[in-house]
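Let's take a walk through this one, starting with a single side chain and zooming out from there. Have the viewer open as you read.

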Amino acid sequence: MRFAISLLVFICVASLIGTVLPQNQGANAYIDQFGPFWFSVFDKFSIWHIYNSAWFLMIMGFLVVSTTLCVMRNAPKMIRDMRTFREYVRGSSLKAFHHKVEVDSALTPDQAVDQVGRLLRSRGFRFRVREDGESRMVAAKKGAANRLGYIFAHVAIVVICLGGLLDSELPVRMQTWLFDKQPVTGNMLISDVPESGRLSARNPSFRANMFIPDGKQSSVGIVSAGQGVLLQPLPFSVRLKKFYVEYYQTGMPSDFRSDVVVTDHETGKSFEQTIKVNEPLRYKGITVYQSSFDDGGSSLSLKAWPLSGDGAQPLDLKGTVGSDGKLPPALGGQTVDFTGLRVINVENLGSDPDPQPTDIIRDVAAVTGSAARPHDESKKNVGPSVQYRLVGADGQSHEFTQYMLPIQIDDFPLFLLGTRKTPADAYRYLRIPADDQGTMQEFMQLRAALANPAMREVAAHRFAQLNAPEGEQRTLMFQAAQGALRTFSQRGFNGIIDSAPPDQREKILDFAVPMIQLSLQELRGLVRVQQGLPALDPSGPQAEHEAQWLRLAVLALASLPDYPAPVALQLTNFNQVQASVFQVARSPGKITVYIGCVLLILGVFSMFYIRERRVWVWVRPVQGGSQWLAAMTTQRRNLDFNHEFERLRDALRNLGDTHEH
C-alpha cells in the first residue's frame, strides 16, 4: 500500500507537469522557452510528451500491479468481514468496550431478544441471535457497505490507470515489439510504404493525424512512433469538399471548419458532414477532430532578383508550397524549399522606440495572443507573405519570409525581406524602399550599378566635380569616392571602418557616409538616364520623398553583405490551396476511465458518508427476569456516533424499565 501511494504521488506530480506545460509541441518552442541547456536536461525525462514517456507508462504499470495485488489480498477479507455478524463474541468481553450499558428487565431472555430485535430493526440494523444455553447473544450491524468504499476506490485506481494505458501509445508500441512493425523514417508515397510500416485495421487504440487538401481524400492516419511514423488504415475514407476559415481583426482565426464526404469501405455508402473544432465526426468507433489547418500545395509565381553581380533583370520562377526546386545556375543553383504561404498577416506597425537603422530590422512579427484584446490601430493586415528555405551545396540552410506588397513604415513604403538561421531564431528584416511604381526594380538597378566598376567610376567623377575644385584636390576626392564605393558595395559600412582604430571610426563615418550617399545620388541619376526615366528635381515637390528613398536605399545596401543569400524571391501571384488537419482517434479507454470515475465517486462516498456500526446485546437470565449487557462500536468514533449510542442506550433502558414495571 505504501508503494502504491508513492507511485500515485509520482503520477500526480507528472500529471501536474503535463497539465501546466503544453504537450507535443515542436522542439524549437521548448528551446525558446527554456533555453538549450534546460531543454537538453528536461528532454532526458521526455516531459514534452510526458503521458507517453517510458517512465510514466512504467509507473502506471507498477501502480496497476501493486494496487491489484492489494485489492486481491484485502478484498476477500473485507467481504467476509462485511458478511459476518461476529455473533460469537463472548458476553464478558463486552465489559471492555467504551460505549456500553447494562439494563435489568423483568422480561425472560426470549422475550428480551424479541423486543431488542424489534428495536434494532427499527433503527436500520440487521441482526443475528446466538443461543448459549439459557443466555442469548444478539449481534447487529449497519453500514457494512463502508468496506465496499475501500474496494471501489482501489479498483477505481486500477480501472482508470488501465484506461489511461489503453489510450496511450502502449498498444502501438506493443505492436512494434511483437509484430515487428518498423516506423518509416524517410519520405515516400503512402502506396510505397511496406507492410511493416502499417498498423492493423483492428488496432484497438490509436491517435493519428490526417492531412487533406481541398478536393482530396484520405483513408490513412499518420501515427508518430519514435523518430518515424506508422500508417493506420481506417474503415472509411474522408474527402474534403471545402475548408472555411474566418479571422478576427487581430489576424487570429476566429473559426474554421471542414465540409467532408465520408465513404464506408464495407458498404460503399457515403454521407456528408461538417467537422468543427468542438463538433467532431464520430463513426464506427473512430472520432475525427478538426485539429488545425495548413497549406495544401498552393502554386506560387515569383521574381528572383539577383543580389550580386551587375545584373538587375529578375528571372521568373514557379513553385509549390511543400515542394522544393533548384534556382537557376545564374542565381547560385541553390535548392529552394517553399514551406508556407500566409494570405493574411496582421503586423504591429507602431513606431520603434529604439530603431536600428544600420542593421537588419527586428521585431516585425505576426501578432499572436488572445483575439479579445482591445483594437490596436497600429496592427494592420499587410497582405500575403511567402516562406521558403535555401539550402546551399554545403548543406547549410537559412529560412526566409517575404511580403508580397510594400508596407508603410514611418510613412514610407518598404519591402520586408526576413531571414533567420533556425526556427528558434527571430526573423531579422532587410528593408528595401519601393519606387514610384510600387516595385523594388529601381533599388535593384541601383544595386547592380553599384556592383559595376565602370558605373562607380563615373559616379565618383561626377561627385568629385560637384564637390571639389579642379586639380589635385578633385583627383583626391575622386579616388576617395571611388574607393569608398568599391568597399561599400562589397562589405557595407563595416568594411570602411573595420581596419580603423576604434577611436577613429566615428570620424571616418562622419566623412564617408555623406560622401557615399552623394555618390549614390549621382549613381542613381546615371541609372535613371540609362532606363529612360526623367531626371530628379532636387527642389521639386517630390524632393523630400526622393531624398528619403535614397537614405533608405543606402541603409539597405549597407545591410546587403549580411543578407545570407545571392537572390531575393518576390511573390508576384499565387493560387491558394488550403488543407485541413484532422486528429483521428480510437479511444476505448475513455469508457474505461468513465467507469473508473464512477467507482471512485461511489468509493469515496461510501468511505466518508457510510459509517459501519456494530451492536452486541448479551441477554442472560437472572432471578425475576433478565439482565442485558449492550455494547456499540464503530471504526470512527466522533460526536455523531456518541449521540447515536446515547439514543440507543436510552431506548434500551426505557425498554427494560417499561417491562419491569
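Start at Arg257, which is partly exposed because its relative accessibility is 21%, while the cut-off for buried is under 20%. Keep in mind that you're looking at a predicted model. The side chain of Arg257 meets that of Glu246 in a salt bridge, at 3.9 Å from N to O. The two are 11 residues apart, with Arg257 in strand 7 (residues 253-264) and Glu246 in strand 6 (residues 228-247). Glu246 is partly exposed too, at a relative accessible area of 41%.

Now hop over to Glu399 and Arg420, whose side chains form a salt bridge at 2.9 Å, N to O. Glu399 sits in strand 19 (residues 397-403) and Arg420 in strand 21 (residues 412-420), so this pair ties together parts 21 residues apart in sequence. Here both ends are tucked away: Glu399 is buried at 17% relative accessible area, and Arg420 is buried at 18%.

One more pair is Asp650 and Arg649, with a salt bridge of 3.5 Å, N to O. Asp650 counts as partly exposed at 35% relative accessibility, and Arg649 is partly exposed at 24%. Elsewhere, salt bridges with shared partners join Asp81, Arg86, Arg147, Glu612 and Arg614 into one network. The structure holds 25 salt bridges.

From charges, let's move to greasy surface. Leu600, Val604, Phe605, Phe608 and Tyr609 make a nonpolar surface patch of about 540 Å². Phe605 belongs to helix 12 (residues 589-609), and its relative accessible area of 46% makes it partly exposed.

Helix 4 is worth a look as well. Its 14 residues (109-122) reach 20 Å from first C-alpha to last, close to the 20 Å expected at 1.5 Å a residue. Its buried residues include Pro109, Val113, Val116 and Leu120. After the helix comes Gly124, with a positive phi near 90 degrees.

Finally, zoom all the way out. The protein has 13 helices and 26 strands, and its C-alpha trace spans about 150 × 65 × 40 Å along the principal axes. The radius of gyration is 42 Å, whereas a compact globule of 661 residues would come in near 26 Å. Buried residues make up 43% of the 661. Among contacts with a separation of 6 or more, 65% involve residues 24 or more positions apart.

Key
Residues numbered from 1 in each chain as written. Predicted model: local features only at pLDDT ≥ 70, side-chain atom pairs only at ≥ 80, totals over all residues. Heavy atoms only, no water. Patch = residues over 30% accessible without salt bridge, like charges linked within 9 Å, V, L, I, M, F, W, Y side chains within 5 Å. Areas by Shrake-Rupley, 256 points an atom, 1.4 Å probe, with all protein chains shown as cover. Salt bridge = Lys/Arg side-chain N within 4 Å of Asp/Glu carboxyl O. Helix = DSSP H or I, 4+ residues; strand = E, 2+ residues; numbered from the N terminus. Buried < 20%, exposed > 50% of the residue type's maximum accessible area, 1.4 Å probe, protein only. Rg over C-alpha atoms; globule rule 2.2 N^0.38 Å. Contact = heavy atoms within 4.5 Å. Expected span 1.5 Å × (residues − 1).
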